[in-house]
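Keep the sequence and the model open side by side.

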Amino acid sequence: MSEERNTDAIDAVVGAWRRERPELDLTAIGVAGRLGRVAMLTTPMVEAVFAKHGLKQGEFDVLAALRRSGKPYTLIPSELSATLMMSRAGMTSRIDRLESAGLVERALDPEDRRSFRVTLTERGFEVVDAAMTEHTANVAKLLSPLGEDLDVLDASLRRLLTSLES
C-alpha cells in the first residue's frame, strides 16, 4: 500500500475523540466513518449515470439482475426479490414502473399460473447494457485514486463482507 498520508474530514473527528478518549483504539471508527463517507459522496455520482439512462438505482438493479441471469433474461418476482434482498411489495412497484417504461414484460408463468415471469425487453436490454457500460467507467474513474491499492481494498472488503454475512 502507499505510504502517502493525506488527511480527510474523518481525521478531524477521530482526532477529537483521541484527545477526549486516548484509551480507545479508534482505528475501526475511522475505517467505518470513511466507508460511510465514501458511500455518501459516490452515491449521487452513481445515480447521475443511471438518471442519464432514465433509471433510478433500484430500477437499474432489477434490469441488471435480469441481464445477468442470461438468456432468456427472465426471472420470477421472488427470484428478483431474493437477488436484490428486498420485499416482494417493493419489487412489484419497481416492476410496474419498468413495465410502464417498456423495459420489461410480465407474462403468466406457464409452470405456476399463480405467478408470473418478468422478462427484459429488447429496449430494456439496450438500456441496461448502455447504463452498465457507463456505470463501469464511472466507478473505475471514482476509484482511480486508489491505483494498485484497489485490489488490496477489494480483497479486504470481501473478507469483511463474508464475515458480516455469515
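F60 is buried in this predicted model. Its relative accessible area is 5%, which falls under the 20% cut-off for burial. What does the ring of F60 pair with? A search of the whole structure finds two aromatic pairs. In one of them, the ring centres of F50 and F60 lie 4.2 Å apart and the planes meet at 20°, so this pair is stacked. F50 belongs to helix α2, residues 27-52, and F60 to helix α3, residues 57-68, so the contact ties together parts 10 residues apart in sequence. F50 is buried too, because its relative accessibility is 0%.

Follow the chain into the loop between α3 and β1. P72 sits there. The peptide bond that joins K71 and P72 is cis, with omega about 10°. Y73 is found in this loop as well. Its phi is near 60°, a positive value in a residue other than glycine. Is Y73 buried or exposed? Y73 is buried, because its relative accessible area is 16% and the limit for burial is 20%.

M85 lies in the loop between α4 (77-84) and α5 (88-100). Here the side is the open one: M85 counts as exposed, because its relative accessible area is 74% and exposure starts over 50%.

Now the strands. β1 covers residues 74-75 and β3 covers residues 112-120. Two bridges join them, and they run antiparallel. L75 stands opposite V118 of β3. Strand β2, residues 104-109, also pairs with β3 in the antiparallel sense, over six bridges. In that pairing, E105 stands opposite T119. β2 and β3 form a hairpin, with two residues between them.

Step back to the annotated region. The unreviewed UniProt entry carries the annotation "domain: HTH marR-type" over residues 21-166. Across residues 21-166 the chain is 67% helix and 12% strand. The C-alpha atoms at the ends of this stretch are 32 Å apart.

Which helices supply the lining of the largest pocket? α1 (9-20), α2, α6 (122-143) and α7 (149-165) each give at least two residues. The largest share, 10 residues, comes from α2. The space in this pocket is about 1900 Å³. It is lined by 36 residues, and the closest to its centre are R34, L35, V38, L146 and L153. By class, the lining has 19 nonpolar, seven polar and 10 charged residues.

The second largest pocket holds about 150 Å³ of space. α2 and α6 each supply at least two residues of its lining, and α2 gives the largest share, five residues. The lining consists of V38, A39, T42, T43, V46, H135, V139, L142 and L143. Six of these residues are nonpolar, three are polar and none is charged. V38 is on this list, and V38 is also among the residues closest to the centre of the largest pocket.

Note on methods: Residues numbered from 1 in each chain as written. Predicted model: local features only at pLDDT ≥ 70, side-chain atom pairs only at ≥ 80, totals over all residues. Heavy atoms only, no water. Pairing = 2+ DSSP bridges. Helix = DSSP H or I, 4+ residues; strand = E, 2+ residues; numbered from the N terminus. Phe/Tyr/Trp six-rings, centres within 6.5 Å; stacked < 30°, edge-to-face > 60°. Buried < 20%, exposed > 50% of the residue type's maximum accessible area, 1.4 Å probe, protein only. UniProt positions renumbered as here; feature names shortened; annotations may be inferred. 1 Å grid on protein atoms, 1.4 Å probe; cavity = no way out; pocket = protein on both sides within 12 Å on 5 of 7 lines; lining within 4 Å. Points joined across faces, edges and corners; volume = space filled by probe spheres on them. Nonpolar A, V, L, I, M, F, W, Y, C, P; charged D, E, K, R; others polar.
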